[in-house]
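Notebook open, model loaded. I'll jot down what I look up as I go.

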Amino acid sequence: MDTVISMRGATATLGSRPVLRGVDLTVRRGEVVALLGANGSGKSTAIRAVVGQVPLTSGGLELFGTPLNRFRDWARIGYVPQRTTAASGVPATVREVVSAGRLARTKLGLPRKADRRAVEHALELVGMADRAADPVEALSGGQHQRVLIARALSVEPELLIMDEPMAGVDLASQEVLAGTLREQVSLGTTVLLVLHELGPLEPLIDRAVVLRDGCVVHDGPPPKAQGQHALPGHDHVHPHAGHAAEPIRTGLF
Amino acid sequence: MELFSYAFMQRALIAAVLVGITAPAIGIYLVQRRQSLMGDGIGHVALTGVGLGFLLSANPVWMATAVAVAGAVVMELIRWYGRTRGDIALAMLFYGGMAAGVLFTSLAPNGSNANLLTYLFGSITTVSPQDITAICLLAGFVVLVTVGLRRQLFAVSQDEEFAQVTGLPVRLLNLLVAVTAAVTVTVAMRVVGLLLVSALMVIPVAASQQIARSFATAFALSVVIGVVVAFSGTVTSYYADVPSGATIVLLAIGVFVTLTLLAAPLAKKRARRAAGDGTRCTLEVPAARPTEDDVRV
Ligand SMILES: Nc1ncnc2c1ncn2[C@@H]1O[C@H](COP(=O)(O)OP(=O)(O)OP(=O)(O)O)[C@@H](O)[C@H]1O
Ligand SMILES: [Mg+2]
């Protein structure tokens, strides 16, 4: 199998803080890899390093077998950043935002019919086609998240990189998105995604990589206990008061 | 309409319309990326160019363009590399630019601060034929960039990190926005003046935001507002014998206030239309308590 993402011994600092301390992360073609870990463990930083947004202070990174500094084939990647709530005030519709993703293919050229179709298709995949003309400011958090996923899907990527795509998405929509993702995966798409709960995605995940304080502490089958937490109706209020401040997951490893 | 028969008024109106188009066209991207005051900074820097123009007896519009573009490029580089001390560096650039402009002007053989004032606050009726040529060429460039690359500039201004991951030449596009803003400043300099340039970049955009729901509408509406206030402001300044720049800016603020007041009823009307069929979804709650308990009864 060929390797889509190969990150070896990656270290990165933000401010003066070491955030990644020798991360190895390999994703092979067709795999679905979940990146797990507590808040602040470096998941987003690792993801942003993979897409070239955080410079590595040491270590190596190859995308599709090409070292990052020579990688130009960005249209092969669909990226969903962790959602931020910053809004500039200038209005933009759902369709306008999703179309911005398609620029990975059109670059400085004009959009063609196939590009418009890809945008509409991406909107349908996340169930936002009926809101295409609405301004994004008028959406709920979960709907906004689905728009960002559509923006990545509009690229028709070989590799989807998503930072907490399910944050704030209700369970019903999570099921829809899981279905969408399953379809993409069956078509051969490779996926690297950050999750806090495996949720409806659990059956799709081939492998889980768990970060703690910028180090990989687990790389293998997805932890089973997570499935329990992710079951619908599972009560997240743990009775052990002493551990209340601890993220639930850290005890597992 | 006697005012259209004067050559100086024809030039003034052409310049006004071009400013009305270009200032909001680039301004919308500046607002989108939260750099609303960038135009103001470039305006300060451009004054050095005006001063140099007086000193070297060159056309101040072209000199201002050269200096403003250089200043905008420096600002963009500061934004890119010097995040931590960036605002101090920008302050140096702005006030240094202004001070140098005043100094150069006073050193110039025929320069006086009265000359400088026409650039600071605009003096549309003194626009020369050479100025008009320069303004037309520069405005053409601004329109080409802001309309031709609108999809790319929208993407870069909306989510820079994402745009980078799509493989767009983000640094180049950022630089292009900075340069285009600088060019717009010099287009607008003769009409509204360097101190009020930024107003025409920001206020029409702010006004259109009140009612527009898409970027495309906001863009078009800002340009329409820009043209209307620039044209009517110039005409007003002719008849009322008041400075054009100030008139234009106050008219723009008037439009902003009007649209802000209109926005609420408009949103209500939209909501009513959206709920068109009038179906409601009140859940029939079985009476849990005897009705006597209900205070409203
Ligand atoms: N811009 C920054 N400057 C300095 N430190 C940062 C910056 N961004 C993140 N950090 C630090 O880096 C560490 C890792 O952050 P990161 O965003 O990668 O965590 P995460 O695992 O994605 O967390 P979450 O689950 O909350 O999204 C945190 O300790 C955070 O404080
Ligand atoms: Mg994160």
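Which helix and strand of chain A each supply at least two residues of the shell around ligand 1? I found β2 (17-28) and α1 (43-50) of chain A. Helices here are DSSP runs of H or I with at least four residues, strands are runs of E with at least two, and both are numbered from the N terminus.

Ground rules before I go on. This is a predicted model, where local features need pLDDT of at least 70 and side-chain atom pairs count only at pLDDT 80 or more, while totals for chains, interfaces and linings use all residues. Residues are numbered from 1 along each chain as its sequence is written, chains are lettered from A and ligands numbered from 1 in the order written, and side-chain values use heavy atoms, with hydrogens and water left out.

**Entry: ligand 1**

I looked at the shell in detail. There are 14 residues around ligand 1, and N39(A), G40(A), K43(A), S44(A) and T45(A) come nearest; to be near, a residue needs a heavy atom within 4 Å. α1(A) gives the most, with 3 residues. By class I get 3 nonpolar, 8 polar and 3 charged. Nonpolar means Ala, Val, Leu, Ile, Met, Phe, Trp, Tyr, Cys and Pro, charged means Asp, Glu, Lys and Arg, and the others, Gly among them, are polar.

Next, the oxygen atoms of the ligand. One sits 2.8 Å from a side-chain N or O atom of N39(A). For the side chain of Q82(A) I read 3.1 Å from a ligand oxygen to an N or O atom, and for S41(A) it is a polar backbone atom, at 3.2 Å. Ligand 1 taken alone exposes 640 Å², of which the protein buries 64% (Shrake-Rupley areas, 1.4 Å probe).

**Entry: chain B**

I checked helix α7 (residues 150-158) of chain B. Q152(B), L153(B), F154(B), A155(B), V156(B) and S157(B) are buried there, meaning under 20% relative accessible area (1.4 Å probe, protein chains only). Their packing partners include α2 (94-106) of chain A, plus α1 (7-32) and α6 (129-148) of chain B; contact means heavy atoms within 4.5 Å.

Buried or exposed: what is Q32(B)? Q32(B) counts as buried because its relative accessibility is 3%. Q32(B) lies in helix α1 of chain B and touches residues including S88(A), V90(A), L153(B) and F154(B), leaving out those up to four places away in sequence.

Last, I compared two stretches. Residues 219-240 of chain B are 100% helix, with end C-alpha atoms 31 Å apart. Residues 162-181 of chain B are 80% helix and 0% strand, with the ends 23 Å apart by C-alpha.

Technical notes:
Polar contact = N/O pair within 3.5 Å; in protein donor to acceptor, adjacent residues only side chain to side chain. Buried < 20%, exposed > 50% of the residue type's maximum accessible area, 1.4 Å probe, protein only.
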